[in-house]
Amino acid sequence: ADDLVRAVHRFMQYSDAARRMNVRANADTPEDAARARRMGAQGVGLCRTEHMFLGDRRTLVERLILADTDKEREESLAALLPLQREDFTGIFEAMDGLPVTVRLLDPPLHEFLPDITELSVRVAVAEARGEEHEGDLRLLQAVHRLHEQNPMLGLRGVRLGLVVPGLFTMQVRAIAQAAADRIKAGGRPRPEIMIPLVGTVQELEIIREESLRVLAEVGAEHGVELDFPIGTMIELPRAALTAGQIAENAEFFSFGTNDLTQTVWGFSRDDVEASFFSNYLEKGVFGVSPFESLDVDGVGRLVRLAAQEGRAARPDIKLGVCGEHGGDPASVHFFHEVGLDYVSCSPFRVPVARLEAGRAAARS
Ligand code: PEP
Ligand code: MG
């Protein structure tokens, strides 16, 4: 068995030496980041921050999103800041010296709002009993106002960051503080700030300006230089089609092929599979789900176009992918061919991605 382990290890070494693309992992916790590192990940390509806002912190986020006054909003943000700082400290520690792409908040809004049916029943019952329900009623009105039929196409990502003042700057401040702490402790944190669901360069420009201001502020407070890349996900067709403009405000692109597949095909990531995917697979409309293996003819064409236009506008732009396809063998070959700098996938797929990236390079 030892011989076998040594042989596999040697094989991985050949493959790693051959490949051109780096392999990173998607990780949201220090434990996942450490596991990914043991699997050979060369950084975190996607740290989804929405998971950090669930559980006990849900009520803070709820209060933030539904806040009626600046005071209420600022209180929620002030309560969230130290918690976020701690989240990032752990991940930067686990990945010291390696890049960590932190994606600013991108939840479908309904995940953070109280359940509308439950709330309606509570209000109705209180009303029938003649009990006080002013607070719940106000909450219900606010939830109604924000209710969406298609949350995945709604107030998500950068849109939420623009609509809720202070939300993204709180996250950037937490990243900056955690990084400053580590620098002062002799570490080498390498955060990269990533803006989700961008469709136009203006969205990115506003958030970028705010983020640069916060980095400079926190840097001055701590007496350290915080010069971190700011980039965007390319996960909407419009972003891919205007990649040349977007690159002017982005030091890197990370292709979000999950959302890009959803929006290019017009499939809902949440619903589509149950209703007709098995039928399509049976009839051979496609051999494998485009959410699993990249649809090279459609989604892939946009990835290629955006990579070319991004590079033409900014030759030193870094290009990666962090959708599920980053760990799919056939898709990894495609990303190599298009010239991406890295793929990012779930930690347990890292070895596969390393091997496939090596094979792709050996073939070309
Ligand atoms: C994507 O859309 O491909 C992506 C990586 O982001 P998420 O899956 O979190 O929407
Ligand atoms: Mg996405």
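Glutamate 235 counts as buried, because 26 C-beta neighbours lie inside 10 Å and the threshold is 20 or more. The model is a predicted one. Glutamate 235 sits in the loop between strand E5 (230-234) and helix H10 (237-241). Leaving out residues up to four places away in sequence, glutamate 235 touches Leu197, Gly256, Asp259 and Leu260.

Aspartate 259 belongs to helix H12. Under the same exclusion of residues up to four places away, aspartate 259 touches Glu235 and Leu236. An unreviewed UniProt entry annotates Glu235 and Asp259 as "binding site". They are spread over 25 residues of sequence, yet cluster in space, with a largest C-alpha distance of 5.4 Å.

Ligand 1 has both of these residues in its shell, Glu235 and Asp259. Others around ligand 1 include Leu46, Arg48, Asp106 and Cys322. Strand E2 (44-48) and helix H12 (257-265) each supply at least two residues of that shell. H12 gives the largest share, three residues. By class, the shell holds two nonpolar, four polar and four charged residues.

Proline 114 lies in the loop between strand E3 (99-103) and helix H5 (116-128). Its contacts, not counting residues up to four places away in sequence, are Glu62, Leu119, Leu139 and Val143. Proline 114 and valine 143 are 29 residues apart in sequence, but 7.4 Å apart in space, C-alpha to C-alpha.

| Residue | C-beta neighbours within 10 Å | Class |
|---|---|---|
| Glutamate 235 | 26 C-beta neighbours | buried |
| Proline 114 | 18 C-beta neighbours | partly exposed |

Technical notes
Residues numbered from 1 in each chain as written. Chains lettered and ligands numbered in written order. Predicted model: local features only at pLDDT ≥ 70, side-chain atom pairs only at ≥ 80, totals over all residues. Helix = DSSP H or I, 4+ residues; strand = E, 2+ residues; numbered from the N terminus. Buried ≥ 20, exposed ≤ 12 C-beta atoms within 10 Å, placed from the backbone. Contact = placed C-beta atoms within 7 Å. Near = placed C-beta within 6 Å. Nonpolar A, V, L, I, M, F, W, Y, C, P; charged D, E, K, R; others polar. UniProt positions renumbered as here; feature names shortened; annotations may be inferred.
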